[in-house]
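Okay, thanks everyone, I'll keep this short. Have a look at the model on the screen, and I'll walk you through a few helix contacts.

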Amino acid sequence: MRVIRAVGSRPSWVVPASALLAFLVHLDGSGAVCFLVVIPALLPLYDRLGFDRRVLACAVSLAAGVNFLPWTGPMIRAATVLHMPAMEIFTPMIPVQLVGLAFVFGTCWWLGLREQRRARAAGTAAAVASAEPGLGDPLAATSAPGLRRPRLFWVNLLLAVVVMSVLVAGWIPPQVAFMIGAALALVINYRGSAEQRARVEAHAKPALS
């Protein structure tokens, strides 16, 4: 929720922040997770500000739509059909994705300004000052406090950056990079084998079956 707290006093920035949050959540390539996490977390804020709910749906959809990283479903399906490595398809499309991101945030900024003017005309924009206390933590439903590792935030961030860099560089196959990264993340964050297995089963039990 740090993204939302940073723009809590700027109603016009709420929509771009929504797109940024959706883009970050969608880095794993799961559209369902993106919508289920971002929309319930931000809907109370939009209602208190008097913003149109359709703007939230639009911002999340735009952000998720331009995220075609090598491990996302559409990219994997395209690589399978074309019989090509995902990186050979992804690398030439990086400039296109950057243009798409610029369009997304530009559009969301314009939508935020429009909604701010409309909300002010309706007398609801002042609610931003009291909007934050009612917001929930989008991770609360999926991660108990005892499972979080705030003290290892920078270690996990560095690990994520390294894995993504290896994926983009194409030094090793994506599935190998993911397996190594997942193994390191489990060992770093959860010491016991039972706890590690519980975390794997919590997120990938159907895959293991």
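This is a predicted model: local features need pLDDT of at least 70, side-chain atom pairs count only at pLDDT 80 or more; totals for chains, interfaces and linings use all residues.

Let's start with helix 2, residues 14–25, and helix 3, residues 31–49: their axes come within 9 Å and cross at roughly 165 degrees. Axes here are lines fitted to C-alpha atoms, for helices over the stretch in contact, and angles run from 0 to 180 degrees between N-to-C directions. So helix 2 is roughly antiparallel to helix 3, a label used for angles over 145 degrees. The crossing of the two is right-handed, meaning that the near helix is turned clockwise from the far one by less than a right angle.

Residues are numbered from 1 along each chain as its sequence is written, and side-chain values use heavy atoms, with hydrogens and water left out.

Who meets whom, then? On the helix 2 side you have Val14, Val15, Ser18, Leu21, Ala22 and Val25, and they meet Val33, Cys34, Val37, Val38, Leu42, Leu45, Tyr46 and Leu49 in helix 3. Contact means heavy atoms within 4.5 Å. By class, that's 13 nonpolar residues, one polar and no charged. Nonpolar is Ala, Val, Leu, Ile, Met, Phe, Trp, Tyr, Cys and Pro; charged is Asp, Glu, Lys and Arg; the others, Gly among them, are polar.

Next pair: helix 4, residues 53–65, packs with helix 7, residues 94–122, at an angle of about 170 degrees, axes 10 Å apart. So helix 4 is roughly antiparallel to helix 7. Helix 4 brings Val55, Cys58, Ala59, Leu62 and Ala63, while helix 7 brings Phe103, Val104, Thr107, Cys108, Leu111, Arg114 and Glu115. That contact has nine nonpolar, one polar and two charged residues.

While we're in helix 7, find Gln97. Is Gln97 buried or exposed? Buried, with a relative accessible area of 7%; the cut-off for buried is under 20%, using a 1.4 Å probe and protein chains only. Leaving aside residues up to four places away in sequence, Gln97 touches Val66, Asn67, Phe68, Leu69 and Phe90.

Zooming out: the chain has ten helices and zero strands, taken from DSSP runs, with H or I of at least four residues for helices and E of at least two for strands, numbered from the N terminus. Of its 209 residues, 35% count as buried.

Note on methods. Angles under 35 degrees count as roughly parallel, over 145 as roughly antiparallel, 65 to 115 as roughly perpendicular and the rest as oblique. Buried means under 20% relative accessible area, exposed over 50%, partly exposed in between (1.4 Å probe, protein chains only).
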